[in-house]
Amino acid sequence: RDSNERVAARRAVRIAGRLPPFERERIVQVMLRRSLLILVAAALAAPAAAQAKVPLLIFPVVGPSTYIDDFGAPRGSGRHEGVDIMARKKSLAVAVEAGTVRFWTTSARAGCMLYLHGASGTSYLYIHLNNDRTLKNDNTGACVQGIAYARGLKNGARVEAGQMIAYVGDSGDANGGASHLHFEVHPNGGAAVNPYRHLQRA
C-alpha cells in the first residue's frame, strides 16, 4: 500500500508540474493535508493499539483497598507511572492474569518488587512489597518468600490468574508511609499506560 501511495504521489507531482502555478499550489496543499492526516491517524492509533493488548484483569489486592487515578502525578523529578492501591500491611497481592513472575530486589526506590509477565504479552509491576516481619515498620524482613513474596513461590515460576504472589507493604522509598501496592501496566513490555480503567473493570 505504501508503494502505491508513493507512485500516486510521484504521478501527482508530475501532473502538477504541467499545471498553472495556482492549480499547482492547490494540489500541493491537498497533498500536504493528506500526509498530515495520515500522520495524525497513526499517532492516535498507537496508544489505542497498546491499550487493546491489556486483557480483563483480576483486581491485584485481596481485601479492603482504596485507590484514585494518580497516574501521571508529579513524583520527584518525574511522573507517577502507576496507580497506588492503598491497603493494610501484608494484604495479599494476586496475579492479575496468568503468566510468569520475576523477583526484583535491588532497587532502593522500589524496594521489594515483582514483575508479572502476562500470557497476553502485557507486563505488570508490583512495587513496595512488604519487608517487615511484624505489622509494625520494623524493616527486619527481606525481599524473600514468606515476607515479600508468597511462601513457596519461586523466581521464574508460572502462576495462574488470581494466584497469591506477594504481600502489600511499604518497602523502598515508601518506607514508613502508608502501606500500598504501586501497580503498573506495560502493554507488550513497553511504556506504562494508565492502570486506572483496567482496575475499574476488574
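This is a short walk through one protein structure, from its overall layout to a few residues inside it.

Okay, two housekeeping points. It's a predicted model, so local features need pLDDT of at least 70 and side-chain atom pairs count only at pLDDT 80 or more, while totals for chains, interfaces and linings use all residues. Residues are numbered from 1 along each chain as its sequence is written, and side-chain values use heavy atoms, with hydrogens and water left out.

Let's start with the whole thing. We have three helices and eleven strands. By helix I mean a DSSP run of H or I with at least four residues, and by strand a run of E with at least two, numbered from the N terminus. Going along the sequence, the pattern reads α-α-β-β-β-β-β-β-β-β-β-β-β-α.

Now some totals. The protein has 202 residues, and 37% of them count as buried. Buried here is under 20% relative accessible area, exposed is over 50%, and partly exposed is in between, with a 1.4 Å probe and protein chains only. The accessible surface is about 11,400 Å², with 58% of that belonging to carbon and sulfur atoms; those areas come from the Shrake-Rupley method with a 1.4 Å probe, and for residues only the protein chains shown count as cover. As for contacts (heavy atoms within 4.5 Å), take those with a separation of 6 or more: 62% of them are between residues 24 or more positions apart.

On to the sheet. What is the strand order in the open sheet of seven strands? It goes E1-E4-E11-E8-E7-E6-E9, with antiparallel pairing. Two strands pair if DSSP finds at least two bridges between them. At the edges sit E1 (65-66) and E9 (158-159), each pairing on one side only.

E9 pairs with E6, residues 99-107, in the antiparallel sense over two bridges, and Thr-100 has Arg-158 in E9 as its bridge partner. E6 then pairs with E7 over seven bridges, again antiparallel. Those two form a hairpin with three residues between them, and Trp-104 stands opposite Met-113 in E7.

E7 itself covers residues 111-118, and six of its eight residues are buried, so the strand is largely enclosed by the rest of the structure. On the next side, five bridges join E7 to E8, residues 123-129, and the two run antiparallel. Their hairpin has four residues between the strands, and Gly-121 there takes a positive phi near 100°.

Cys-112 is worth a stop. The cut-off for a disulfide is a pair of cysteine sulfur atoms within 2.5 Å, and a search of the whole structure finds one. This link ties together distant parts of the chain: Cys-112 in E7 and Cys-143 in the loop between E8 and E9, 31 residues apart. The angle about the S-S bond is -85°, which makes the link left-handed. Are the two cysteines buried or exposed? Cys-112 is buried, at 2% relative accessible area, whereas Cys-143 is partly exposed at 22%.

Next, the aromatics. Rings of Phe, Tyr and Trp (its six-membered ring) pair if their centres lie within 6.5 Å; planes under 30 degrees apart are stacked, over 60 edge-to-face, and the rest tilted. The search turns up six aromatic pairs. One of them is Phe-103 with Tyr-149, stacked at 3.9 Å centre to centre and 5° between the planes. Phe-103 is in E6 and Tyr-149 in the loop between E8 and E9, 46 residues apart. Both residues are buried. Then there's Tyr-126 and Phe-183: their ring centres are 5.5 Å apart with the planes at 80°, so that pair is edge-to-face. Tyr-126 sits in E8 and Phe-183 in E11, 57 residues apart, and each is buried. Ring pairs also link Phe-59, Tyr-67 and Tyr-196 into a cluster.

Last stop: Asp-170, in the loop between E10 (164-167) and E11 (180-186). Asp-170 counts as buried because its relative accessibility is 1%. A polar atom of its side chain lies 3.2 Å from the backbone nitrogen of Gly-176. Leaving out residues up to four places away in sequence, Asp-170 touches several others, including Lys-89, His-128, Asn-137 and Ser-179.

Notes
Polar contact = N/O pair within 3.5 Å; in protein donor to acceptor, adjacent residues only side chain to side chain.
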